[in-house]
Every structure is written in structure tokens, then in C-alpha cells.
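Hi everyone, thanks for making time for this. Please have the sequence and the 3D view open while I talk.

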Amino acid sequence: MPGRLLRLAGRHAFSRYELVLALSEEDGGTRLSARTYAEFPGVHGFAYRALVIGSGAHRFFVARLLRGVREAAR
């Protein structure tokens, strides 16, 4: 259903985060997009962010998630 949002929030020792998935209409189909928001408090959070975000791992896994959804929808 275009125009819908799903928000998933969580936390662990090194961060607080939210993943927002959105559906929108686009040229005869539906687009799924994802946005992430996070806080990385303290020294451990700083190191965790450098490891996960700085390495590109986060971008890789979110893109993989979206490709999986696309394939399942087909």
C-alpha cells in the first residue's frame, strides 16, 4: 500500500537506532525506500560507528535487505 511507513526501533550497548521503511507509488509500481537514524553515545559508540558505518558494512546490508524484498515481491 503506497503511502505507508513502518518504523523499527531498537538499541543495544553501543547505539540507539531506527529503521524507517516507506512505500510510495512510482510509474505503475511501488517503490520501497529505507532510512536509518542512529545515535552512538560514548567512546564505545564512537568505535562501533566507525566499524559499522565507516567500513561501508551498513550500506551493504541495507542494500541487500532491499534487494531481497524486491526479489520476494516479484
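**A walk through the chain**

Buried means under 20% relative accessible area, exposed means over 50%, and partly exposed is in between, with a 1.4 Å probe and protein chains only. Those accessible areas come from the Shrake-Rupley method with a 1.4 Å probe, and for residues only the protein chains shown count as cover.

Before I go on, a word on where this comes from. This is a predicted model, in which local features need pLDDT of at least 70 and side-chain atom pairs count only at pLDDT 80 or more, while totals for chains, interfaces and linings use all residues. Residues are numbered from 1 along each chain as its sequence is written, and side-chain values use heavy atoms, with hydrogens and water left out.

Back to S15, which sits in strand β2. What does S15 touch, not counting residues up to four places away in sequence? The list is E39, F40, P41 and Y48. Touching here is contact, meaning heavy atoms within 4.5 Å.

Now the overall layout. The chain has two helices and three strands, and from the N terminus on the order is β-β-β-α-α. Helices (H or I, at least four residues) and strands (E, at least two) are DSSP runs, numbered from the N terminus.

Buried residues make up 11% of the 74 residues. The accessible surface comes to about 6,100 Å², and 56% of that belongs to carbon and sulfur atoms. Among contacts between residues at least 6 apart in sequence, 24% join residues at least 24 apart.

Next, let's visit the strands. L8 lies in strand β1, and L8 counts as partly exposed because its relative accessibility is 40%. L8 touches Y17, E18 and L19, leaving out residues up to four places away in sequence. L8 and E18 are 10 residues apart along the chain, and their C-alpha atoms are separated by 5.5 Å.

A22 is in strand β2. Is A22 buried or exposed? A22 counts as buried, at 19% relative accessibility. With residues up to four places away in sequence left out, A22 touches R4, L5, R31, L32 and S33. A22 and R4 are 18 residues apart in sequence, yet 5.8 Å apart in space, C-alpha to C-alpha.

Now for the loops. D27 is in the loop between β2 and β3, and D27 is exposed, with a relative accessible area of 82%. D27 also has a positive phi of about 35°, although it is not a glycine.

P41 is in the loop between β3 and α1, and at 38% relative accessibility P41 counts as partly exposed. P41 touches F14, S15 and R16, again not counting residues up to four places away in sequence. Then look at T30: P41 and T30 are 11 residues apart along the chain, and their C-alpha atoms are separated by 36 Å.

One stop in the helices: R59 is found in helix α2 and counts as exposed, at 69% relative accessibility.

Last, the largest pocket, which holds about 490 Å³ of space. On a 1 Å grid over the protein atoms alone, a pocket is an open set of points where a 1.4 Å probe fits, with protein on both sides within 12 Å along at least five of seven lines, and lining residues have an atom within 4 Å of a point. Points are joined across faces, edges and corners, and the volume is the space filled by probe spheres set on the points.

Which residues are closest to the centre of the pocket? Of the 20 lining residues, they are T36, A38, F40, I53 and H58. β1, β2, β3, α1 and α2 each give two or more residues to the lining, and β3 gives the largest share, five residues. By class, the lining has 11 nonpolar, five polar and four charged residues. Here Ala, Val, Leu, Ile, Met, Phe, Trp, Tyr, Cys and Pro count as nonpolar, Asp, Glu, Lys and Arg as charged, and the others, Gly among them, as polar.
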